Amino acid sequence: MADETPTTVTITLNGRPVVAAPGELLISVAERAGTYIPRFCYHPRMEPVGVCRMCLVEVEGPRGATLQPSCYLRVNDGMAVVTDSEKVKKAQDGVLEFLLANHPLDCPVCDKGGECPLQDQTLAHGSGETRFVEEKRHFEKPIPIGELVLLDRERCIQCSRCTRFAAEVAGDAQIDFAGRGDLLEVAPSPTQPFDSVFSGNTVQICPVGALTAKPYRFSARPWDLDQVESTCTTCAVGCRIAVQSSGGRLSRVLGLDSDAVNHGWLCDKGRFSLDSVDGNEESTDVLSPATRVSVPMVREDGVLTPTSWSHALARAAAVLGESSRGPDGVGVIGGAALTNEAAYAWSRFAREVLDTEHVDCHYGDGLDGRLLQALPGATINDAASARVIVTLTGDLRQELPVLYLRLREAVRQKSALIEFAFGASALRSLARVALAVRPGEAHLVAHALAGETPTADIAASAADIASARELLGDGEGVVVVVGRPNLAEDPAVIETALRTLAERFPRARFLVALRRANVRGALDMGLAPGLAPGRRLGAPGRDTLAQIDALSSGAQSAVVLLGGCLLGNVLDVERARAALERAHVVAVTGHGGASLAYADVVLPAAVSHERRGTVTNLEGRVSALAAKVAAPGSAWDDVTIAAELAVALGASPEVTSLEVAAKLLEETTGYPALSVLNDASADGVLASTGERSARRTLDPMAFPGVRSTDALGQGEFAGDTVLAHAHGHGSSAPVTWDQVTAGSGVALPHVDAYSLRLFASRRLYDHGIAMSGSPSLRGLIDETTLRAHHADLDRLGLVTGDTVSVVGENERVTLPVASDDAVPRGVAEVGFGTRRDGENLLSRLCSSQTLTLVRLESR
Amino acid sequence: MAFLDSPRIVTSRKDFADSFTLTRYLATGGYAGLTKALSMFPEQVAAEVDAASLLGRGGAGFPAGRKWSMLRKSAVSYLVVNGDESEPATFKDHYLVERDPHQLVEGVIIAAYALQVTRAFIFLRGEFALGLERVQQAVNEAYEHGALGRHIFGSSFSLDIVVHPGAGAYICGEETSLIEALEGKRGFPRIKPPFFPAVTGLYGEPTVVNNVETMSNLPWIVTHSGAAFAALGAGRSTGTRLFALAGRVNNPGVYEIEMVKNTFRDIIYDPALGGGVIGDKAVRAIIPGGVSAPWFGPDQLDLALGQDEVAAEGSMLGSGSIVVLDEDSCVVRAAWRITKFFSRESCGQCTPCREGSGWLERILYRLEHGGGRVEDLDLLLDLADNIAPGLTWPPQQTTICVLGSSIPSSIHSALSLFRDDFVAHVDHGSCPHG
Amino acid sequence: MSHLRTEMRQRAEELVSLYPSRRSAMLPLLHLCQEQDGYLTDEAMAEVAELTGTTPAEVRGTASFYDMFHLEPVGRYVVGVCTNIACLLRGGEELLAHASEVLGCAVGATSDDGLFTLEETECLADCNVAPVVQVNHRYVRTTTPEAFDGLVADLRAGRLDHDVPPHGTLIRVRRSGGLRVDSAEIAAERASARDARALREQ
Ligand SMILES: Cc1cc2nc3c(=O)[nH]c(=O)nc-3n(C[C@H](O)[C@H](O)[C@H](O)COP(=O)(O)O)c2cc1C
Ligand code: SF4
Ligand code: FES
């Protein structure tokens, strides 16, 4: 008999036939058919629980029509539903009245007032008059439940959206219901505050004003807010956001539901770091990332002094012009925080005006850009629907939080996860196979997976390798997520592992998970040696570390620093310091930073939410950035700065403005730019895949606070094949696999029994600009801790909370230790990032990127 | 009196002070049922239970045999025994676990054999400290005796029983909530579908949940046959049943009575049973079947104690409790206290139950304490109607479990039977009766 | 460092081993912590989180659902007086008021000497000796104000120490040994038995 599972079912909704997919939730079927059923607990991105009972409708059954929660009920063929009967209305009004019985009527002073689903429902349905004459439930007014979130228990309607988000979506159930009945309240534990990096999402989805965000509290009233849609540039995931401002100042960022990317969620760093844009107005120290740089400056008598643009440009031109006349005299470092258009402008500026190939957007923490471009790519959705996901990355919750959420959901539902287990990882408990990998051996593990006998001992057990191989099969349905987990390790280790996997599993696809905001866009624009704009092969040049060496030795005399802060991003700070000391430095930046101590000229640039343009996320999706507020002082956008500097250098640049950059980029390389920019509000046209996602109207209940409820563009895909349609550009060609197969080889030092291999991992709450520039987030910057397997700590009699003296390559530092058996034996994991005024303790432990060994000495 | 003639099925050791020991149990026919069961095929044991027409004694009165036959086939399945007994004025399981724990354990082993499960959990109300000790002791002794563990009595059947203490929450008597508690969570009832634990229960596996008294009947049924059990009682109500009689009677207590053969009047007035109302007062109301059930007035005293007989009159036998209110009892106070119970015990998931119970309780408190208004009477009914639309019996639901729809019963009963009392409370600020 | 004392910790681990899922041991473990400390300390709940693979917030949230668990210190004796319908009809409220007066503490509070915590309970399923009184979950079958006074005197004098252990001590009978049945083994045995039976029946 043929498979007769029906592909559609027909239900009767208020007498009308409506077609749906079998098993769809009645509430969303009705919504699509234009019948909006009121709701509180239901959220389209979470499993239904059916507890608020607001969505009751009448469903015909064997015992007549009964009231059923439409958010929980799955449709089946012939189902007859009535949503507008007297009985339904009475039940719904009853629920609303019950909810209001204990809910304070303090809307005028509530953060949610004016954008509150409960308030809206009450206006739409409620009789307005209360029959409840007794005293309402009382709780102590707002209590902080975490660093960023406050809870007003009186306002809570027990919908469980927040607790479900924490447990189900984020996987950190640091809040839960406590008590019972009408004393049910949301509560953290006194021993563990709500410090999830996703805490802000609970504020966003709370349908009343029970959860509020400390940073936003009282800062604006909803009716004063003005909104644009944009893309978050805090990391490379590129979440879609609504940016709201009030009176010319940024007030709030909310997540939008981009089906392809973030499902409406954001991490707290992306959500709350907007106050780093306004900057800490009291801060004037240009060496601090908390300071906004808003006027051009030149060094006079050793001091950076404000000046005019023309003077600053002339000085910069003088410095660069002189150096660029010598061979290999100038280089450019940075650019991963730029828009695609700006990256394109600077890429061409470097090549055409400065005549140099020494450009690099990584700070020594990337991977060979040519290799990345040649890999068969995968989108986030591809990864989230893969049969097997392999993570060859650091802890994704720390590196790319929303990608972590997407993968977590996939793994909870159906995908099998194989983890290269370098250290602590939030996905570990869900991994089917966790392959213990010590620094310097990822490529050996990849060899083993490819069926070759490893040439050295590896930490992963033969049994784990075997199970992983079985899951991998021939690579069909496999997506490998690859990043750069360990900063204190030769990138060749991961690159070699990648090559091995790509060759042995030719059907596998790869999602590149480098974390810096627009690093993918910068690489696509050619801001790395060996690459040219438009995902093309370019000429070789010096990467960041090579430039640092060249500056130190005098082989290179000048450098342009684009955004970011070199010293805050490299592992070996001392080496970089020495290089900058000798160099001529022109810094183009919107924020202060330690590197400015060496700058001859500082050119102030607009930053996120102040500039337009496009960015490319880690999967290759190009989406638009909107300018919500004006840049402070006389800061310019980066495209203009590149153009004006070119003019000052006597060139006549082709790229003169954002629009011109976007137009040229698209016309000459086929890279989506102008189309995305002009159509920032259109639905996503995914050029390469033919996917088309329909423009949807947002459910205001799912996204309270989002002003306009049109789900806007998801961007265009600039993945593997898109550029085949390009009109062609000069002599360069798309990067192909055979151009990158020659591996550099990996040479590692001998490891003795007393040493631990250093795993320098990335922390979300690091001392970068987003955190240290943000008054709300600054206090959350992680304390540097050394994590190691308990067996390694036992040998020294150390337990969690002790401090240890760590002897590295350069000197010894003292760190607190934490016992963590997620770290393989023989490994010491230290996070890159510390609260001690940005001082990077890691840099005192290691200077090279080959395997670093450390010894622990108990004190 | 008919009740005296019927055999004692679950209270046969009533007269022994050491009825809870293995020695006494073995001396009085203990574990004979299990021995017999093990000589039969599991399906035959289930067939006997089906033939007995044993209705569940936990409250819903669902036939045990039918429930067992619905157990989804699966590699792993579980048996869970409901000993949470928290329905107000119900104390028959308390009697069984303290006085005859081996009978319960034997019943559980028989059921587990019929269902072919290898792990059973006995969930006992946490406040039964002595009951927990007695049942744990019985389980320990059963292991020693070879009645539990590997290869029970030399057969190929093996079983582990774990005694699991509750921790004080009425709702955990509801079977899906009990399963949640057994999984270490808050006792939030699970939303339906899936409708029965027999399909998706403990750890998502098929699970049979049966009441302590239901289980305690099994040794007798297997020993004497299902037909012998079915010969007692009448109609669907077969065998005997434990009734917990409480309130304004001279001899409150647990009585084993043949089903249908006796009436409310018998159990309240018979000298060997309730022995009449204290001070020979008149009966004002009876609350049968636990506080979720609609009340009866004196005119229903001659109603037979059978499941269908009581249902036909618009109430239920429920958990087997009977509370007697006499002419001096204040019905407003009774309705208030029952509603307060529901308000304190609502799990808090569903809005109508969580908020509705508290609101109703506060209105009743006001009425009882002299602050009532005339409009409160209609308000009570309207709010009750918002929780259980139509105020029908059995009630319609707006909530996940039936705790919510049970809230209106007492209020609706009291207002229908004794509206004048409420009006008097409004008018005089106090009770004309008690 | 374990907050549970060595012997308690050992019992805790045994409890965990009785269930197919660690979290199932939650209620027994919380009873165990309460047996050690009289109430649930934050440290104990953190340890239960570790034992059950949950978070401290989940442990606290779960514990607070159940009336028998106390998140604040209580007296050595927790005295519960039932006022639910059966007891109400037989003087439960009056006995509770009397208890409050005699113990010198409000309902829900602890006496100044730290000896008694008084609670109004829901039905305790012993309605034939109403109004029902429990002390540390032991039925004391004391129904009159006079009897209650005697009970308090006995408790103060330590005359009931054997019958009424300190608060939190619930099941004094220990389970003898862990699980005896290996389900996988049984499944295999059963499959072969089925085959044998099928053969017989052929
Ligand atoms: C609110 C509520 C409380 C309940 N309490 C109990 C209880 O204390 N004991 C019990 O056996 N069943 C109780 N039940 C019934 C159980 O859900 C279930 O039907 C019963 O345990 C099944 O066993 P049986 O078929 O042997 O009666 C309760 C049901 C509800 C809705
Ligand atoms: S705090 Fe808000 S989101 Fe959480 S349960 Fe209460 S109303 Fe719902
Ligand atoms: S019950 Fe359906 S939205 Fe809450």
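**View 1. Interface between domain 1 and domain 2 of chain B in the predicted model.** About 1,300 Å² of area is buried between domain 1 of chain B and domain 2 of chain B, and carbon and sulfur atoms give 61% of this area. In domain 1 of chain B, the residues that lose the most area to domain 2 of chain B are B:Arg57, B:Glu87 and B:Phe91, which together account for 33% of what that side buries. The division of chain B places domain 1 at 22-229, domain 2 at 240-326 and domain 3 at 331-428. The contact between the domains of this view involves 17 residues from domain 1 of chain B and 18 residues from domain 2 of chain B. Taken over C-alpha atoms, the centres of domain 1 and domain 2 of chain B are 27 Å apart.

**View 2. Interface between chain B and chain C.** Chain B contributes 78 residues to the contact, and chain C contributes 57 residues. The buried area between the two chains is about 5,700 Å², with 55% given by carbon and sulfur atoms. On the chain B side, B:Glu133, B:Ala167 and B:Arg337 lose the most area to chain C; together they make up 11% of what that side buries.

**View 3. Domains of chain C.** Domain 1 of chain C comprises two segments, 6-71 and 173-201, whereas domain 2 of chain C covers 77-156. The centres of domain 1 and domain 2 of chain C, taken over C-alpha atoms, are separated by 32 Å.

**View 4. An open, mixed sheet of seven strands in chain A.** The strands follow the order E15-E14-E27-E26-E25-E16-E17. At the edges are strand E15 (303-306) and strand E17 (359-360) of chain A, each of which pairs on one side only. Within the sheet, strand E16 (residues 330-334) and strand E25 (residues 558-562) of chain A are paired in the parallel sense over five bridges. One residue of this pairing is A:Val332, whose bridge partner in E25(A) is A:Val560. Helix H18 (residues 544-553) of chain A packs on the sheet and touches E16, E17 and E25 of chain A. The direction of helix H18 makes about 135 degrees with that of E16(A).

Conventions
Residues numbered from 1 in each chain as written. Chains lettered and ligands numbered in written order. Predicted model: local features only at pLDDT ≥ 70, side-chain atom pairs only at ≥ 80, totals over all residues. Heavy atoms only, no water. Pairing = 2+ DSSP bridges. Helix = DSSP H or I, 4+ residues; strand = E, 2+ residues; numbered from the N terminus. Contact = heavy atoms within 4.5 Å. Axes fitted to C-alpha atoms, helices over the stretch in contact; angles between N-to-C directions. Domains from an automatic or database assignment. Buried area = accessible area lost by both parts, 1.4 Å probe.
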